[in-house]
Amino acid sequence: MVRWGLVIDLDKCTACEACVVACRIENNVVTAGSEERVVRDRAIYWNQFFSEVRGTYPDLTLKAFPRPCMHCENPPCVSVCPVEATYKDKDGRVLVRYDRCIGCRYCMVACPYGARYFNWTAPEPDALEGRMNPDIMRDSSGWLVGPTPRPLGVVEKCTLCIHRVERAKVEGSPIGSDRVGGTMTACAQTCPAFAISFGDLDDPTSEAAKLARDKRSFRLLEELGTRPQVYYLAEG
Amino acid sequence: METKEVAPPRRRTDWPFLGIVVLASAALAVAAFLRWTELQEGVDAGTSNRVAWGLLVVNYVTFIGLSAGGVIIASLVHILNIKRFKSIATFAELLAVISIVLVPVFIFFDLGRPERAVNLLLYGRIESPLVWTVIVLTTYLAVCLAYLYYGVRRELVSMSKAPGRLQWLYRWMTLGNQDVSPAALARDERVVRRISFFVLPLAVVLHSVTGLIFAVVSAKPGYNTALMPPLFVISAIISGIALVALVIVVAGKRVRLPVEPGVVEELGRILAMLLPILAYLLLMEWTVVFYGTEPAERGVWTFITSGAYAPLFWGLLLCGFIVPLAILVPQRTRTRKGVGVASALIVIGVFLERYLIVEAPLLFPNLPGTVRAAVPTVGEILLVLGVYALGVLLLALATKLFPVGEAYKRLNGAEKPPPGQSLPSHDPGKSDAT
């Protein structure tokens, strides 16, 4: 079995947020959009950057980390979806069928990571002009799961760059950030500090699987029992 | 025997009726237009990525709850055998049906892709509490409609035989069953009684499932408590009874409901007995939360009691508990008017409770972030008012087309000559005097 996942080394992370930008461009996630969208907390980030300052001056620490979808092994969003628009695919990814979603937003309420976003307003096609990723990804039953611009009124989220991975599978090229010429997610590829590893967590030889077993490794909100497939390496 | 059935007269079309219909239609049209624009351009509401559910979901939950009134009245009549409530049983059931009919409207106004709602049937996922709700709500609506049908069938038959332009409508609504022999009527009576036994557990399931929509979200402090389903059941019963009492006091005379004397006061007494149970459940929840040290749980309730939602919370205590109890407990103030006022306050109070329960936990992120209260927009409020207007419209039309209390009046009057004539004690003009 394949189980795609990410390991993000927070010791290497410089908080440059290049992963956030790369994700936007790769997946046709329109720019944060009008100021109104940001003010009303309606901007979409498949990969969102969180930072938190702890302590009081001069005893301060900065906790900063990017948050893609966790692709949980036990995803709370999947069980609450009334129409099976969101599901766990055989490669361990949590996907959304954009053309089946009814827009009830129960999954957004259930997701503890806030990784799911709703298209509150109509997509702005102009914002993508000239840099639209033309890839369209459909699952085995023909439902739209890939990065084509999502319609108004549905929920969307990170797919672990499914269009890249599936294309590599078809071409027979290597997949994983530790392989030479290996296909990886846009966030992993763009990270200037090589802080993000993408690979198969079920393949014990992959870099991602090895790092996930590291003693610095932890997962977000582990106490909830969601068992994310995105690991972090604590700052040591 | 059928030829002797006298069709009950319909209410005349007067100015207040026309005014209500025109106003309600206008509000509904505004809401429909807003919704249509929303489907083209996007949702204008206080909702955001974090607070994904807004005023429409609060109303959806509230109206499922309000439908409990009809069931409780039916149970009082048939299970506890309190005959007096029979005078309002059909009317209460009508209110229940209207409340349930509004629920899908709220959902359609809220869904991002309402045209895909059919996916609920095509691809329904049984693990989802929303699918449980769809199943239970549909069953519940069907059962309530059956109750209503058997309750008014005799009237429909007599109206379909009386001369008038709407004969076809009444004939159509009898569903072809025109038999009004004593045996058939006795059977109707029996069916109604059996349904009322079945509908009570069904109502408990419905309101529990509504509570479960929230309770199963294990990552949300404030949602994830086993107290949620019982809290929803008791809130539903209280708000449902309060709605019935309120509508009877406000519109009972207009729709010529044959309310038996003392019925409204009795409803007030039942409310006074039930309110402490709701207060008790909330008190237990707070005791556990504030005794404990779980920061997330405390955070939600501290925010509710002293944060941006504090006015709503204290409003709920005052409106939902203290003032209604002060009115309903002393017999001196438990008059028709008093019960009306208390019921209005209780409906508002339960709405505030729903609002706090649904909205406050959503404000709190599990990952780092600041808490900011979501405020409904004007557009959102207009949508909600539009659906309320639809409810008023349905009630106005239903009570105009179908004289709601006639069946009861006739049944009781039939034993005494002359048939079809109401007894003095059933004269709405007298029993409704305040």
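This is a predicted model: local features need pLDDT of at least 70, side-chain atom pairs count only at pLDDT 80 or more; totals for chains, interfaces and linings use all residues.
How many C-beta neighbours inside 10 Å does A373(B) have, and is A373(B) buried, exposed or partly exposed? With 14 such neighbours, A373(B) counts as partly exposed. The terms rest on C-beta atoms placed from the backbone: a residue is buried if 20 or more other C-beta atoms lie within 10 Å of its own, exposed if 12 or fewer, and partly exposed in between.

Residues are numbered from 1 along each chain as its sequence is written, and chains are lettered from A and ligands numbered from 1 in the order in which they are written.

Let me stay with A373(B) for a moment. A373(B) sits in the loop between α13 and α14 (378-401) of chain B. Helices here are DSSP runs of H or I with at least four residues, strands are runs of E with at least two, and both are numbered from the N terminus. Leaving aside residues up to four places away in sequence, A373(B) touches A308(B), Y309(B) and L363(B). Two residues are in contact if their C-beta atoms, placed from the backbone, lie within 7 Å. M173(B) is 200 residues from A373(B) along the chain, and the C-alpha atoms of the two are separated by 48 Å.

I turn to chain B as a whole. Chain B has 16 helices and zero strands. Its radius of gyration is 23 Å, close to the 22 Å that the globule rule gives for 434 residues, so chain B is as compact as a globular protein of that length. That radius is taken over C-alpha atoms, and the rule is 2.2 Å times the number of residues to the power 0.38. The C-alpha trace of chain B spans about 75 × 50 × 40 Å along its principal axes. Of the 434 residues, 47% count as buried. Among contacts in chain B with a separation of 6 or more, 79% come from residues 24 or more positions apart.

One helix of chain B deserves attention. Helix α10 of chain B covers residues 263-291, and at 1.5 Å a residue its 29 residues should span 42 Å; the end C-alpha atoms are 42 Å apart, which agrees. The expected span is 1.5 Å times one less than the number of residues. Buried residues of α10(B) include V263(B), V264(B), L267(B), L271(B) and L275(B). An α-helix has 3.6 residues a turn, so residues three or four places apart point the same way. The buried residues of α10(B) pack against α4 (86-110), α9 (228-251), α12 (310-328) and α13 (336-359) of chain B.

Now to chain A. Chain A has eight helices and ten strands. The radius of gyration of chain A is 17 Å, close to the 18 Å of the globule rule for 236 residues, so chain A is as compact as a globular protein of that length. Buried residues make up 47% of the 236 residues in chain A.

How are the strands of chain A arranged in its open sheet of four? The order is β8-β1-β10-β9, with mixed pairing. β8 (196-200) and β9 (217-218) of chain A stand at the edges with a single partner strand each, so one side of each is left without a neighbour in the sheet. Strands pair if DSSP finds at least two bridges between them. β1 (residues 4-9) and β10 (residues 230-233) of chain A pair in the parallel sense over four bridges, and L233(A) in β10(A) is the bridge partner of D9(A).

Elsewhere, β2 (residues 48-54) and β3 (residues 61-67) of chain A pair in the antiparallel sense over seven bridges. There, F65(A) in β3(A) is the bridge partner of F50(A). The hairpin has six residues between these strands, and G55(A) takes a positive phi near 90 degrees.

In helix α1 (residues 18-26) of chain A, the buried residues are C19(A), C23(A) and E26(A). They cover an arc of only 70 degrees around the axis, which puts them on the same side of α1(A); the arc is that of the directions from the helix axis to the C-beta atoms. Their cover includes β3, α7 (186-190) and β8 of chain A.

Finally, the interface: 31 residues of chain B are in contact with 37 residues of chain A. On the side of chain B that touches chain A, α6(B) gives the most, with three residues.
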